[in-house]
Amino acid sequence: MTGPGAYLIYLAAIMLSLYAVLRRDGSAGLGLVRALEQSITLLPRMICALVAAGFMVNLIPTEIIGRLLGNEAGLTGILIGSLAGLIVPSGPVISFAIASAFAGEGASAPALVSFITAWSLFAAHRIFIFEIPLLGIPFLRLRMLSVVILPFVAGILALGVTKAFD
């Protein structure tokens, strides 16, 4: 990983590690154990998610992804990204792997912003497992109506930002 965001994460990890070592209370060792536990848990999931996303993207020809989600797609790409995010029933590991694979195949940043925004707002698995059973249909309807436009708006804002900085 490179870029300003990655460097910020690396810097934060180094600073927090240094702070934990300087505390001299064993928190550095506990932090390393916790990091190892998380790595053991997440690494197999990440590998499977990346493989699954790679297969999914290979099922859709590159030219279709570029045409429907690329820079030239404009508002249509944002709408398609929003709709795709609605139907992806997965956790963040798979959803972000799919977004990454789409980016590698030519999807534009605004379409990806719409995709991730829609996925985070409308994750189908969360709706059926948690929201309907725990909060009921009336709450779900109110929440959906309150946020239905946000993936499209986020994509349009991302489009404006990318055009402003090009």
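1. Which side chains meet in a salt bridge at 3.9 Å, N to O? They are those of Glu-37 and Arg-34. A salt bridge here is a side-chain nitrogen of Lys or Arg within 4 Å of a carboxyl oxygen of Asp or Glu.

2. The model is predicted: local features need pLDDT of at least 70, side-chain atom pairs count only at pLDDT 80 or more, and totals for chains, interfaces and linings use all residues. Residues are numbered from 1 along each chain as its sequence is written, and side-chain values use heavy atoms, with hydrogens and water left out.

3. Helix α2 (residues 27-59) contains both Glu-37 and Arg-34, which are three residues apart, about one turn of the helix. Helices are DSSP runs (H or I, at least four residues), numbered from the N terminus. Glu-37 is partly exposed because its relative accessibility is 42%; Arg-34, at 48%, is likewise partly exposed. The classes are buried (under 20% relative accessible area), exposed (over 50%) and partly exposed in between, with a 1.4 Å probe and protein chains only.

4. The structure holds four salt bridges. Among them is the pair Arg-126 and Glu-131, with the closest N and O atoms 3.6 Å apart. Arg-126 has a relative accessibility of 27% and so counts as partly exposed, whereas Glu-131 is buried at 7%.

5. Glu-131 also forms a salt bridge with Arg-143, where the closest N and O atoms are 2.8 Å apart. Both of these residues, Arg-143 and Glu-131, are buried. Through shared partners, the salt bridges join Arg-126, Glu-131 and Arg-143 into one network.

How values were computed
Helix = DSSP H or I, 4+ residues; strand = E, 2+ residues; numbered from the N terminus.
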